[in-house]
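Reader: Please walk me through the charged residues and the nonpolar packing of this protein. Keep it short.

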Amino acid sequence: MKTKSKKIILKTKKQVYGDMLGNNPSLFQGEGFEFAELREYVYGDDVRKIDWKTTAKLGKPYVKVYHEERELNVAVVSVLGGSVHFGTIKQKQESIANIVATIGFSAVKNSDLFSHMIFANELYSQLKPTKKHFGVQKAVEEVLEFQPLGKSTNFNELTKLLKERLKKKSLLFIISDFVGDIDLKALSVKHDVVAVIVRDKFEEDPKELGYLQLVDPETSQSFESNIDANVLASYKKALRENDERLYKRFKQQNIRFVKIYTHEDEALKLYKGLR
């Protein structure tokens, strides 16, 4: 096992099983449950389960009762186009590996099935559903060893692929930097979709760098540009508009999402963002 992957695996396993995260409710709380009935509220019930329509209609609080399903199908897709080969504190690709480890070990801890795919312009790797730690370790290693440079991202192809491959309803985590015209509606109809947005602070708030020769990480084409105030203003405006469209679409499609920066602790941010 490579040093970097070993470090990620040991740290994340300690977080998920230890005091830092181990005493918290499951990362997947609220998923994997089937509605059974309504009953009158009893002191100590989770207020998040109150059915407000019934409560208003009958004049006293009622809560939804669920049957717990035996296991979840937790599917994780790491979208590794060339743009993830970037970072100031650490590369986005490494942050994605940390996130995969957190979700994977959380699934195994819950005795749920964990599967993982690497996708960019096409499918590059697929790990079959497993409840073993070895499967999580393999997924982390594959993310770290993958070469994203020169690869574009194609969410239309990803959507088609997942519609074909995911036969069973899944808790589907898609990890990407999510830049572009992205529509996951076709997946959210059947699956519980969670979008994990991975960014570096510098790419959202870059500084003037002057005249530079740059390389497009997705096409490998080089070009020259003067990174001045005007260029940065246009870039920031475009990225802000991208995110506004993205968040609006996610909310319309009932897709939960969390943004994690490369300088943050991925496990803590993931748990906090999805609670």
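This is a predicted model: local features need pLDDT of at least 70, side-chain atom pairs count only at pLDDT 80 or more; totals for chains, interfaces and linings use all residues.

Reader: Which side chain of opposite charge is nearest to Asp-200?

Author: Asp-200 sits in the loop between strand 7 (192-199) and helix 7 (201-204). Asp-200 is buried and has no salt bridge. Its side chain does reach the backbone nitrogen of Thr-88, at 2.8 Å. The nearest side chain of opposite charge is 7.9 Å away, and it belongs to Lys-92.

Reader: Which residues join Arg-199 and Glu-204 in one salt-bridge network?

Author: Arg-199 and Glu-204 form a salt bridge, with the closest N and O atoms 2.8 Å apart. Both residues are buried. Salt bridges with shared partners extend the network to Asp-243 and Lys-259.

Reader: How many residues apart in sequence are the parts tied together by Glu-94 and Lys-4?

Author: The side chains of Glu-94 and Lys-4 meet in a salt bridge at 3.5 Å, N to O. Glu-94 lies in helix 3 and Lys-4 in helix 1 (residues 3-17), so the tied parts are separated in sequence by 90 residues.

Reader: Which element gives the most to the largest nonpolar core?

Author: That core has 38 residues. Val-196 is among the members that touch the most others. Its contacts beyond four places in sequence include Ile-99, Phe-173, Ile-175 and Leu-270. The most residues, nine, come from helix 3 (residues 92-109).

How values were computed:
Residues are numbered from 1 along each chain as its sequence is written. Side-chain values use heavy atoms; hydrogens and water are left out. Helices (H or I, at least four residues) and strands (E, at least two) are DSSP runs, numbered from the N terminus. Buried means under 20% relative accessible area, exposed over 50%, partly exposed in between (1.4 Å probe, protein chains only). Lys and Arg count as positive and Asp and Glu as negative; His and the chain ends are not counted. A salt bridge is a side-chain nitrogen of Lys or Arg within 4 Å of a carboxyl oxygen of Asp or Glu. A polar contact is a pair of N or O atoms within 3.5 Å; within protein, one must be able to donate a hydrogen and the other to accept it, and residues adjacent in sequence count only if both atoms are side-chain atoms. A nonpolar core is a set of buried Ala, Val, Leu, Ile, Met, Phe, Trp, Tyr and Cys residues joined through side-chain atoms within 4.5 Å. Contact means heavy atoms within 4.5 Å.
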